[in-house]
Amino acid sequence: MSPIQEIVNLAVQAYFQHYSTPEQSTLLATDPSLTAESSKDSMIKVLESVQSLVNEEIIKRTTDLKRRRNQVHASIYQLPHEIFAEILAVVGSATLNISKALILMNVSKYWCDTVTQHPHIRLRVDVTPRRQPGKMTILGMLRGPIEIECLQDPSDLHDSLADLATATLDPTRFQVLRWHSSPRTKALHSFFQEQNSNIIDLAVEGNHTRPGISRRLELSPEGRCLRHVDLRNITVPWASPRLSQLQTLALESLNRGEYPSADDLYRILSLSPALRRIRLRHLYNAVHEDSALPLTKEPLFLPVLRSLHFSGSTSDIILPLLRAPSCQNLSASPQWAPSKNGDAILDLITSSMASQSTMAVKVEGIKGVPSVLLTSSPHNSRSALGDWDDHDTGITVRLIPSTVEGLRNLFEGLISRLQAARWRPARLTLELDVHDDALGAQMVLPLLCRFPLAFDTITSLTLMSRSPSTHSSALRLLEDGIPELTFLKTWTHPYFPFDAKEWANGIKAFLERRYPLHLQDAPDAPQQLSRLSSIDVPGPVAKYLRRDPPATSLSMSELLRGVIYQ
């Protein structure tokens, strides 16, 4: 027991027990020794002593905690302000609102000096809430760039903008604008027109449901080059010299007359070799036959482009001219023709596929016209307004070679490029969805099966088709290849009827030829194959395999342990 606790327990125990409040006092009745004035004075002195001891103990413990904290954070406090500011910027996603800035500034003088003096810590100012006292004072203390945000209908926009306009702030600090346009934000439109020469990051979403709202923003011709641009339902002068040196170009939901022309788009891309992300989606009626760029134009070399999302006919203009060896996130549906733009498009697809370990290749066709869909996961086309960071990788590309001969040229060109790039896939899905079974089994399926036969690193294979005979044909083509295969899945869409017995017989034949019961009895069986550990098939097919198992060295109970019987 500490000295403080002993004094409390021995000297003033009765006082704390019976005299907690004046109304509940029974002290005089239970302890007559305190009836005299001198006794009360003595008690007061005791309590004052206790308070003094408690204060000393609190100060001592507080000092000890501060000493320990300083020891723990000694390495942080030894860092220069510039390095520590970069750490804060990374932890705070490079942007701080006023509340977060105040929290950091209140930690210590060192933290306060770092936040207020470093010019690269960005401060976000939301103009939608009502006027906040002291906001302008904090803005004046900081030196970093200011991001103006208006993503909801504001409560007091005029007063907030008036505060920004009258504050003694360096106008070069207004560098970022994120804005959802609405009838109640017209004042922000006027503010932007006067303050946009220093804007370098621009993310604006127009209102397409209100005909009276302007869908155009004018850019000051003399100003800093834009770095990130994300425009939706709104347009800017595409010939502006500020549309150069871009790192992000995102245009979405623009109507005829609002989107950039083919020449403007080519000029913007050619002047922005540091582009890392391009997203052009839903540009309605964006391209006409007379607006296509000639393939004789110089290629657009974008060495650090990482993400490329095109939809519509815009891709047919730009994709054949793009050279992007670092692209890892691709989404497009270009018109592919070997004699025109085939090599350039295949090179772009290869650079995106080469970084993927999971891939799905689907061939589908209607009325004899095949198309190819290449997809991989993870693939996430994020579209948050003003989201400049894109860490996703993946590919979603649809190609229409039109003929079986074109399909053969497509697969041969793609496989040869992937082999040259040393592609090492681990999981592969092959899907055949062709209405003409004869066309699919005899001509398309052998081409599709070239993918798993060309890459010996595949450990997981999924086959999807309409009929069991297609599965059997595919397994017959693949039984001598894919040496690292450990997982096999054969599947179909649930709304397609199938013959479970025929399906099971095709799998039995594959297992018996590839994994014979006695290897010496099958000298023609493939050698040095990994042992298959799991099979996934529909429940009715699994029942046939369990009822009549194949003559193989594998255990069917182990292979089918994950199958849910129906």
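The legends below describe close-up views of a predicted model. Local features need pLDDT of at least 70 and side-chain atom pairs count only at pLDDT 80 or more, while totals for chains, interfaces and linings use all residues. Residues are numbered from 1 along each chain as its sequence is written, and side-chain values use heavy atoms, with hydrogens and water left out.

**View 1. Packing of helices α18 and α19.** Helices (H or I, at least four residues) and strands (E, at least two) are DSSP runs numbered from the N terminus. Helix α18 spans residues 468–478, and its axis comes within 8 Å of that of α19, crossing at roughly 10 degrees. Axes are lines fitted to C-alpha atoms, for helices over the stretch in contact, and angles run from 0 to 180 degrees between N-to-C directions. The pair α18 and α19 is therefore roughly parallel; angles under 35 degrees count as roughly parallel, over 145 as roughly antiparallel, 65 to 115 as roughly perpendicular and the rest as oblique. From α18, the residues in contact are P468, S469, H471, S472, L475, R476 and L478, and from α19 they are E502, W503, G506, I507, F510, R513 and R514. Contact means heavy atoms within 4.5 Å. By class, this contact of α18 with α19 has six nonpolar, four polar and four charged residues. Ala, Val, Leu, Ile, Met, Phe, Trp, Tyr, Cys and Pro count as nonpolar, Asp, Glu, Lys and Arg as charged, and the others, Gly among them, as polar.

**View 2. Packing of helices α19 and α20.** Helix α19 (residues 500–514) packs on helix α20 (residues 539–547) at an angle of about 60 degrees, with the axes 8 Å apart. This angle makes α19 oblique to α20. The crossing of α19 and α20 is right-handed; a crossing is left-handed if the near helix is turned anticlockwise from the far one by less than a right angle, and right-handed if clockwise. A500, K501, W503, A504, I507 and K508 of α19 make the contact with P540, V541, Y544 and L545 of α20. Eight nonpolar, no polar and two charged residues form this contact of α19 with α20.

**View 3. Packing of helices α14 and α15.** The axes of α14 (residues 342–353) and α15 (residues 404–420) come within 10 Å and cross at roughly 45 degrees. The two helices, α14 and α15, are therefore oblique to each other, and α14 passes α15 in a right-handed crossing. In α14, D343, L346, D347, I349, T350 and M353 meet L410, G413, L414, R417 and L418 of α15.

**View 4. Strand residue V369.** V369 lies in strand β14 (residues 369–375). V369 is partly exposed, with a relative accessible area of 39%; buried means under 20% relative accessible area, exposed over 50%, and partly exposed in between (1.4 Å probe, protein chains only). V369 touches E364, I400 and S402, not counting residues up to four places away in sequence.

**View 5. Two loop residues with positive phi.** Q245, not a glycine, has a positive phi of about 60 degrees and lies in the loop between β6 (228–232) and β7 (248–254). Q245 is exposed, at 55% relative accessible area. I482 has a phi near 55 degrees and sits in the loop between α18 and β18 (487–491). I482 is buried, at 3%.
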